[in-house]
Structure formats: C-alpha cells, structure tokens
Amino acid sequence: MGLMFMTDLDGTLLGHEDFGFASIRSGIHELLRAGIMIVPNSSKTSREINAFCGALGTPLPFICENGAALVNRRLMDVPATSDGADVVGVAPDRLMTLWNLHVDSSMQRHCHFLSDLTEAEQAWHLGLRGKALKLAMARDYSAPFVFSGTETDFCDVRRQAAGGGLAIKRGGRVCN
C-alpha cells in the first residue's frame, strides 16, 4: 500500500459553515492521481459521506459515525472481509437501551437527542436543511444529542455511559 491520507471532513476537506469543497476539488483529485489514498474519518453517516464521494466523482474508503464502520474497504489495498461495511458499532435502538440502563435520569435530562427534536431544531443544530439534513439524521450506529448541562455534568454522563459500554464523542455542533 502507498501513502494514505486520513482526514476529518467538517472544517477540513469541507468548509465549516457551507460544507463545500469546490476550492480544493482539484487538489483532492491531484492527490488521488498521485496514488495517495484519501480516507475520510468522520462523525458523518455513510449516506453523507457517499454523497460527498458522489459530488467528488470518485468512491473512497471511509470511516463513518465516529469510527463505527469502515465502508468501501475493498478500495483499500488490504484484504477485504466483505463488500459492505466492517462494522464495530451497534444500532441506535440498542444504544438507547444501554443508555437508559446506565445513564441516570437526572443526567439524561441534560441530553436532548436530535431524533426527538423538530426538523427545524435539527436544522438549527446541524446547520443543514432538506436532503442534507435527512442524510445526517439517517444514523446507523449513533444517536446525536445536544448537551445542556455543566462540564461536571458532562463528565458524569460520559462516565455513566462508559459503564454501559458506550462512548460519547463531542463534536463542534453535537455529541454522539
């Protein structure tokens, strides 16, 4: 295998505010032509990253939902286990079962899951609308939420979640 460039998307390859990449599209293609494999690693869903690859005009291997799945592994120069995703995550309904078992209700009140919010509220928190918002909400391995407590409360929520085998990732807009 040659060189591999692993990168986040939001705020790196994609603009933080507009999620665009037109200004660096040719540079991305130059890297690919030079044989450098680009592997996005993002909190985005597989549908969102596939949409990025479609706009780029080339499929890429990628890691989605904060490390929950490696998609398009067959595009990498490593032995493939399947044509689909190599999944280490669990479905959101199972996540929520574990969450409810291990995170105290006094701490849960600080966590506002996007799936429980209106579409307008989801759009406000994610900075997305229309199809882009639907792709972002199509979660296979994570449950995004907005946290409204103190930093001490957040540490407590994170500790309690870890007791149930859950990991909380805090991004620039939401937690997962």
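This is a predicted model: local features need pLDDT of at least 70, side-chain atom pairs count only at pLDDT 80 or more; totals for chains, interfaces and linings use all residues.
Analyst: One term before we start: contact means heavy atoms within 4.5 Å. Helices (H or I, at least four residues) and strands (E, at least two) are DSSP runs, numbered from the N terminus.

User: Which residues of helix 5 meet helix 6?
Analyst: Glu119, Gln122, Ala123 and Leu126 in helix 5 are in contact with Leu133, Lys134, Ala136 and Met137 in helix 6. Those residues divide into 5 nonpolar, 1 polar and 2 charged. Here Ala, Val, Leu, Ile, Met, Phe, Trp, Tyr, Cys and Pro count as nonpolar, Asp, Glu, Lys and Arg as charged, and the others, Gly among them, as polar.

User: At what angle do the axes of helix 5 and helix 6 cross?
Analyst: Roughly 85°, and the axes come within 11 Å. Axes are lines fitted to C-alpha atoms, for helices over the stretch in contact, and angles run from 0 to 180 degrees between N-to-C directions. So helix 5 is roughly perpendicular to helix 6. Angles under 35 degrees count as roughly parallel, over 145 as roughly antiparallel, 65 to 115 as roughly perpendicular and the rest as oblique.

User: New topic. In the largest nonpolar core, which residues touch the most other members?
Analyst: Phe52 and Cys64, out of 17 residues. Such a core is a set of buried Ala, Val, Leu, Ile, Met, Phe, Trp, Tyr and Cys residues joined through side-chain atoms within 4.5 Å. Buried means under 20% relative accessible area, exposed over 50%, partly exposed in between (1.4 Å probe, protein chains only).

User: Which element gives the most to this core?
Analyst: Helix 2, with 4 residues. Helix 2 also lies across strand 3 and strand 4, at about 145° to strand 3.

User: And Leu13, buried or exposed?
Analyst: Buried, at a relative accessible area of 11%. Leu13 sits in the loop between strand 1 (4-7) and helix 1 (25-33). Beyond four places in sequence, Leu13 touches residues including Phe21, Ile28 and Phe52.

User: Last one. In what order do the strands of the sheet run?
Analyst: 3-4-5, as an open sheet with antiparallel pairing. Two strands pair if DSSP finds at least two bridges between them. Strand 4 and strand 5 have 2 bridges, and Ala69 has Val87 in strand 5 as its bridge partner.

Notes. Residues are numbered from 1 along each chain as its sequence is written. Side-chain values use heavy atoms; hydrogens and water are left out.
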